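I opened this notebook to record what I looked up in the structure, entry by entry.

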Amino acid sequence: MTDRKLLEMAAGAAGNAYAPYSRFSVGAALECEDGAVFTGCNVESCALGCTLCAESVVVGNAVSAGHTDFIRLAVFTDRSNYCFPCGQCLQLLTEFAPELEVLIGRGDGRYVSYKLRELLPNPFSAGQME
Ligand code: THU
């Protein structure tokens with residue numbers, strides 16, 4: 001799968017976003033080692049703290065289908081700025097795929113690519129509790 005195709009899938013997922021409060025639609029597409037791809041979008045609540053980010057939703061979709069072998073994530077917003085995943089989502093992604101590649105696409109079709117480790121270089125890890 002090309003970067004562009006994965007970003008297109010993220011853009012498609014953004015179309016399903018439930019974001020009546022922020023009016024900021026986010027889509028995510030997560031590719032697994034075996035080629036399976038899952039999508040997710042942000043889901044808001046009038047109790048704003050209940051809001052789910054697109055990245056957390058896509059992780060839940062993949063894990064609940066039995067997939068944890070993530071290799072590449074695309075995040076898309078139809079805006080002029082890139083939408084970098086929030087800290088909480090970066091930590092959740094690190095749980096399963098510290099080597100993940102993260103593509104971030106914006107409305108004009110441009111995208112940037114990072115390693116998850118670049119975005120969260122010092123994640124909390126279970127080893128720190130020893
Ligand atoms: N949001 C995401 O879905 N992913 C991010 O990486 C950042 C923020 C959502 C949450 C909320 O619905 C809206 O964007 C504004 O914060």
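**Exposure terms.** I call a residue buried under 20% relative accessible area, exposed over 50%, and partly exposed in between, with a 1.4 Å probe and protein chains only. The model is predicted, so I noted that local features need pLDDT of at least 70 and side-chain atom pairs count only at pLDDT 80 or more, while totals for chains, interfaces and linings use all residues. I number residues from 1 along each chain as its sequence is written, and side-chain values use heavy atoms, with hydrogens and water left out.

Val43 sits in the loop that runs between strand S2 (37-41) and helix H2 (54-64), where helices (H or I, at least four residues) and strands (E, at least two) are DSSP runs numbered from the N terminus. Together with Tyr18, Tyr21, Leu48 and Leu52, Val43 makes up a nonpolar surface patch whose accessible area is about 490 Å² in total. For such a patch I took residues with over 30% relative accessible area and no salt bridge, joining nonpolar side chains (Val, Leu, Ile, Met, Phe, Trp, Tyr) within 5 Å and like charges within 9 Å. Areas are from the Shrake-Rupley method with a 1.4 Å probe, and for residues only the protein chains shown count as cover.

**The ligand.** Which residues come nearest to the ligand? Of the 13 around it, they are Asn42, Glu44, Cys53, Ala54 and Glu55, a residue being near if one of its heavy atoms lies within 4 Å. By class I recorded 8 nonpolar, 3 polar and 2 charged residues in this shell. I then listed polar contacts, meaning pairs of N or O atoms within 3.5 Å; within protein, one must be able to donate a hydrogen and the other to accept it, and residues adjacent in sequence count only if both atoms are side-chain atoms. An oxygen atom of the ligand lies 2.5 Å from a polar side-chain atom of Glu44, and a ligand oxygen is 2.7 Å from a side-chain N or O atom of Glu55. Phe84 contributes a backbone N or O atom, 3.5 Å from an oxygen atom of the ligand. Of the 370 Å² of accessible area that the ligand has on its own, the protein covers 79%.

**Arg72 and its salt bridges.** I searched the whole structure for salt bridges (a side-chain nitrogen of Lys or Arg within 4 Å of a carboxyl oxygen of Asp or Glu) and found 5. Arg72 belongs to strand S3 (residues 70-76), and one of its polar side-chain atoms lies 2.7 Å from the backbone oxygen of Met1. The side chain of Arg72 forms a salt bridge with that of Asp3 at 2.4 Å, N to O. Because Arg72 is in strand S3 and Asp3 in helix H1 (residues 3-14), this pair ties together parts that are 69 residues apart in sequence. Is Arg72 buried or exposed? Arg72 counts as buried, at 8% relative accessibility. A salt bridge of 2.6 Å, N to O, also links Arg72 with Glu31, and since Glu31 lies in strand S1 (residues 27-32), that pair ties together parts 41 residues apart in sequence. Glu31 is buried as well, with 7% relative accessibility.

Notes:
Nonpolar A, V, L, I, M, F, W, Y, C, P; charged D, E, K, R; others polar.
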